Amino acid sequence: MVEFLTFRDGEAAQEPAVTVESFTGQSNSTAVRIEAGEDARELLPYLERLSLVEVNFPAYGDGRGYSAARILREAGYQGELRAVGDVLVDQLVAMRRCGFDSFRPDKALDDAAVERALNRYADVYQKTVDGRSPVWAKRHPESIYG
């Protein structure tokens, strides 16, 4: 069973994450936890200082964390971006595409199911922050930039 999954080189960040409010009010923390409904843009001035951002998914149907991940990655955040909470195996691929590179689900995931989910499709359809070329760009490379 998978209790923690990472796609980063090296060790995963271990420092405890503080709330966004606590983080913006202090100067020594390097890990923060974004709760559903909090604005990831509050962290943009501090991206160089952060080594870990945890994004909480209180329920599998709450998609606000996807937006938080994309906002941070598009702004240049290079540290660990961890999805925590009600993370399901069938969300892993979409979360990876938005920029998550580690996962700590509330309930352990089946190893075989994780492997199948991550390797099911060779091509993707949308352009996102993970750097993979969408299938339409492979068919029409001239339309990527124009």
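Two strands count as paired here if DSSP finds at least two bridges between them. The model on screen is predicted.

**The sheet.** Start by selecting the strands. Six of them, in the order S1-S6-S5-S4-S3-S2, form an open sheet with mixed pairing. The edges are S1 and S2; each has a single partner strand, so one side of each lacks a neighbour in the sheet.

Select S2 (residues 18-19) and S3 (residues 31-34), which run parallel and are joined by 2 bridges. Show Val 18 with its bridge partner in S3, Val 32. Thr 19 has Arg 33 of S3 opposite.

**Helix H4.** Move to residues 111-119, which make up H4, and pick out its buried residues: Ala 113, Val 114 and Ala 117. Viewed down the axis of H4, these buried residues fall within an arc of 100 degrees, so they line one face of the helix. An α-helix has 3.6 residues a turn, so residues three or four places apart point the same way. What covers the buried residues of H4? Among the elements that do so are strand S1 (5-6) and helix H3 (92-98).

Finish at the N-terminal end of H4, which is capped by Asp 110. A side-chain oxygen of Asp 110 lies 3.3 Å from the backbone nitrogen of Ala 112.

How values were computed. Residues are numbered from 1 along each chain as its sequence is written. This is a predicted model: local features need pLDDT of at least 70, side-chain atom pairs count only at pLDDT 80 or more; totals for chains, interfaces and linings use all residues. Side-chain values use heavy atoms; hydrogens and water are left out. Helices (H or I, at least four residues) and strands (E, at least two) are DSSP runs, numbered from the N terminus. Buried means under 20% relative accessible area, exposed over 50%, partly exposed in between (1.4 Å probe, protein chains only). The arc is that of the directions from the helix axis to the C-beta atoms. Contact means heavy atoms within 4.5 Å. A polar contact is a pair of N or O atoms within 3.5 Å; within protein, one must be able to donate a hydrogen and the other to accept it, and residues adjacent in sequence count only if both atoms are side-chain atoms.
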